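Hi,

Here is the structure I promised to pass on. Have a look at it first, and then read my notes below.

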Amino acid sequence: MKKVTTSTLLEMKKLGEKITALTAYDASFAKMFDEQFVDLMLIGDSLGMVLKGDDDTTGVSVDHIAYHTACVRKGTIRAFVIADMPFMSYATTEQAFENAAKLMASGASMVKVEGGSWLAPTIEALVARGIPVCGHLGLTPQSVHVFGGFKVQGRENAEAQKILDAALELEKSGIQLLVLECVPSSVATLISETLTIPVIGIGAGPGTDGQILVMHDMFGISANYMPKFSKNYLEEHNDMRSAVSAYIEEVKNGSFPGPEHSFK
């Protein structure tokens with residue numbers, strides 16, 4: 001199996017081939033996803049909610065992410081592996097250097113950070129030192145207390161423009177991938193068409209370059225609730241492998257996400 005790289009993902013965007021992504025937290029599930037040809041796996045700080053049972057992601061530490069990244073890497077041959085930088089682990093550039101280095105040493109091929117223009121100097125510094133970076137805009141879960149809950153972002157014109165401007169600034173700063181979460185489909189499509197880098201959506205409609213789901217949501221086993229933007233594939237199929245295969249097929253052919261999984 002040819003290993004997925006940043007060049008692979010960029011070429012997929014250019015060819016109009018949808019990128020498939022799932023969160024993963026251990027070697028066994030990583031191996032299953034890899035064998036089904038998932039393109040990208042994210043060790044998300046979502047582990048705070050789906051593994052630890054927390055109400056949000058702010059209680060996740062760098063050590064948590066590093067441990068699960070090492071587990072996922074051991075189960076992965078083909079897929080591209082990204083590790084989340086957890087809450088307050090990149091508040092300063094110096095913190096970002098130390099913590100990103102730890103996650104890369106644990107097996108990540110890229111780190112992900114949440115936030116807009118304030119992150120530009122840190123992203124530039126990380127990239128200059130050989131650490132690839134993925135951005136994350138829209139609903140950024142680490143800022144849930146600022147937002148007043150898990151709410152759709154970018155519904156007003158001014159807010160949508162702010163997200164687009166931030167995306168362009170992050171791209172200029174050197175990110176090679178962007179996650180857009182819980183934004184209206186029209187906004188996500190515009191951003192995806194404007195940026196030259198791949199844009200991965202979650203609750204961002206079908207117009208992005210790829211899709212990601214939290215694996216627990218895709219299997220319908222999340223401890224808290226099923227988000228509107230997700231789909232329980234295990235409910236429709238006999239086993240987990242078939243569920244993953246169906247998810248990949250529906251992302252590739254554009255049938256997922258549908259209108260019922262998207263926001264206007």
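In which kind of crossing, left-handed or right-handed, does α8 pass α9? The crossing is right-handed; a crossing counts as left-handed if the near helix is turned anticlockwise from the far one by less than a right angle, and as right-handed if clockwise.

Before the rest, some ground rules. The model is predicted, so to speak of a local feature we need pLDDT of at least 70, side-chain atom pairs count only at pLDDT 80 or more, and totals for chains, interfaces and linings use all residues. Residues are numbered from 1 along each chain as its sequence is written, and side-chain values use heavy atoms, leaving out hydrogens and water. The helices (H or I, at least four residues) and strands (E, at least two) are DSSP runs, numbered from the N terminus.

Back to that helix pair. Helix α8 covers residues 157-173 and helix α9 residues 185-194; they pack at about 25 degrees, and their axes are 10 Å apart. On the α8 side, A160, I163, L164, A167 and L168 make the contact, and on the α9 side V187, L190, I191 and T194 do. Contact here means heavy atoms within 4.5 Å.

Now the sheet. Eight strands form a closed barrel, in the order β1-β2-β3-β4-β5-β6-β7-β8, with parallel pairing. Two strands pair if DSSP finds at least two bridges between them. Neighbouring strands are turned by 25 degrees against each other on average, ignoring direction.

Some details along the barrel:

- β1 and β2 run parallel and are joined by three bridges, and A21 has L40 in β2 as its bridge partner.
- β2 (residues 40-43) is covered on both faces, with L40 and L42 buried on one side and M41 and I43 on the other. Buried means under 20% relative accessible area, exposed over 50%, and partly exposed in between (1.4 Å probe, protein chains only).
- β3 (residues 80-84) pairs with β4 (residues 110-112) in the parallel sense over three bridges, and A83 stands opposite V111 in β4.

Last, helix α6 (residues 120-128): its buried residues are A120, T122, I123, A125 and L126. They pack against α5 (93-106), β5 (133-138) and α8. Just after α6, G130 takes a positive phi of about 85 degrees.

Cheers

Key:
Axes fitted to C-alpha atoms, helices over the stretch in contact; angles between N-to-C directions.
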